[in-house]
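Good morning. Please look at the structure on the screen, and I will go through a few parts of it.

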Amino acid sequence: PFEKPNFDREKPPLLEEVLPIFAGTRTILNIDIKSSKWVDAAETISLLKANGLLSQSVLNSMKGLEHRRVKSAGDGISMFFNVKPAAFVFLAFLLGLLPFWPIPYDFFEIPYAFNSLWRRVKDTKFRFVWYAIRALSCLIRLLVWHLKRRGIPTILFVTNEEEDFRQALSLGGKGIMTDRPSDLSKFLQRNDLSISAPGFVA
């Protein structure tokens, strides 16, 4: 869309311009801070507090923010796993050690767009990829189930096709990330779901 002339002079909105739109709603916001610097996290938390959105926001940086420092910045603040703890969770799950590991984070995020990839390879010479994808899908389902029992919701990304939306929800995912919000909105409406439902992340 950015190649179209009518987008030439437009700029991406700032977080301080977006947050007031969600003030007063029940939508949970997922915020990935593109920095590991505390000053950036502190500014984001300050904006969330100013808009009354701190308790319905999930934040962290994939590069990793100091867990205790973020948690002490405000009551009700939630954090998702960054890359290293997330990788450790998956490894611990495969080794059967995850039930014995205390989890300090509140949300787990995992990439899941395997259905669209599966449809592309199932009838090709790369059929072995199909088996790997199906096996991984089963493992993810068990991991999501385990985390859910421990009170940790899972958010799946990036899903852009209707079949991926459906599969993400069937796995027990509590939230969906997408590059096509209008398609997701239509899917949710057709299935009597709502992004403003308590606890749903989109």
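The elements themselves are DSSP runs numbered from the N terminus, where helices are H or I with at least four residues and strands are E with at least two.

Now the background. This is a predicted model, in which local features need pLDDT of at least 70 and side-chain atom pairs count only at pLDDT 80 or more, while totals for chains, interfaces and linings use all residues. Residues are numbered from 1 along each chain as its sequence is written, and side-chain values use heavy atoms, with hydrogens and water left out.

The protein has 8 helices and 6 strands. Along the sequence they follow the pattern α-β-α-β-α-β-α-β-α-α-β-α-β-α. Of its 202 residues, 38% count as buried, meaning under 20% relative accessible area with a 1.4 Å probe and protein chains only.

Next, the sheet. In what order do the 3 strands of the open sheet stand? The order is β1-β2-β3, with parallel pairing; two strands pair if DSSP finds at least two bridges between them. β1 (29-32) and β3 (78-79) are at the edges with a single partner strand each, so one side of each has no neighbour in the sheet. Strand β2, residues 57-60, pairs with β3 over 2 bridges, and L59 stands opposite M79 in β3.

On to helix packing. Helix α7 (residues 162-170) packs against helix α8 (residues 181-190) at an angle of about 60°, with the axes 10 Å apart. Axes are lines fitted to C-alpha atoms, for helices over the stretch in contact, and angles run from 0 to 180 degrees between N-to-C directions. α7 and α8 are therefore oblique to each other: under 35 degrees counts as roughly parallel, over 145 as roughly antiparallel, 65 to 115 as roughly perpendicular and the rest as oblique. The crossing of α7 past α8 is right-handed. On the α7 side, the contact (heavy atoms within 4.5 Å) is made by E162, F165, R166 and L169, and on the α8 side by D183, L184, F187 and R190.

Last, helix α1 (residues 15-22) and helix α2 (residues 38-50): their axes come within 10 Å and cross at roughly 30°. Their crossing is right-handed. L15, E16 and L19 of α1 meet T44, L47 and L48 of α2.

Conventions
Left-handed = near helix turned anticlockwise from the far one by under 90°. Buried < 20%, exposed > 50% of the residue type's maximum accessible area, 1.4 Å probe, protein only.
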